[in-house]
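Dear colleague,

Please find the structure below.

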Amino acid sequence: METIRSLGADLVAISPERPDNTLTMAEKHTIPIDILSDATSEVMKKYRLWFAVPAEVKALYLEKFGLNLEKYNGAGRWELPVPATYVLDRDGIVRAGEADPDYTVRMEPSDIVAAIRNISGNLSR
Amino acid sequence: MSLKKRLAEFDASRKRPPEVVAILRRGIDYVRESGAAGLRIGERAPDFTLPNQRGETVRLSDHLSRGPVVLNFYRGVW
């Protein structure tokens, strides 16, 4: 995270959670990134990342994991984004990124840093 | 070690019962088939306005006016 910011890029995180239960007061004021709440799923849908949790998975979360998404997302909101990371240049163009429904797969931090360096390199040319 | 390798090792270390793994895998396949594939490389990211952790209104284009942006969608703190 510090590396990304030292390269002059802003980090912006988005989840479907309501804004009130994600962080303590201290964290809200010290974390140097924007943590955004997409409480109507509008942005997840715009980015084609939105899905409704299938019934079988919902039952597993509730019964086996003791996880009720409504507690975090609000009443009736069994909705999630496909986990995704995008590196945007100043024009908002996606220069690198990954979105994978398998939430155990994430974009390599080294690939994120390389993409930012590539954008900055092109700017200074 | 790469993040991918560490996450794979962590997932394996949880030793979930086969029936639980099967449900989670079917869930992942369902999402894959739903066509929620996200943005393509080279595509312009749609602008948006959302509240941040302090209740302030944040616009993507305001961040972009300051430099590149790493945008991360995550499922939640759980």
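At what angle do helix α4 of chain A and helix α2 of chain B pack, and how far apart are their axes? Helix α4(A), residues 55-63, and helix α2(B), residues 18-33, pack at an angle of about 135°, with axes 9 Å apart. Axes are lines fitted to C-alpha atoms over the stretch in contact, and angles run from 0 to 180 degrees between N-to-C directions. Helices are DSSP runs (H or I) of at least four residues, and strands (E) of at least two, numbered from the N terminus.

This is a predicted model, in which local features need pLDDT of at least 70 and side-chain atom pairs pLDDT 80 or more, while totals for chains, interfaces and linings use all residues. Residues are numbered from 1 along each chain as its sequence is written, and chains are lettered from A and ligands numbered from 1 in the order in which they are written.

In α4(A), A:E56, A:V57 and A:L60 meet B:V20, B:I23, B:L24, B:R26 and B:G27 of α2(B); contact requires C-beta atoms, placed from the backbone, within 7 Å.

Across the two chains, 50 residues of chain B are in contact with 64 residues of chain A. On the chain B side, α2(B) supplies the largest share, nine residues.

A:L88 touches residues of both chains, among them A:I93, B:L64 and B:V69, not counting residues up to four places away in sequence.
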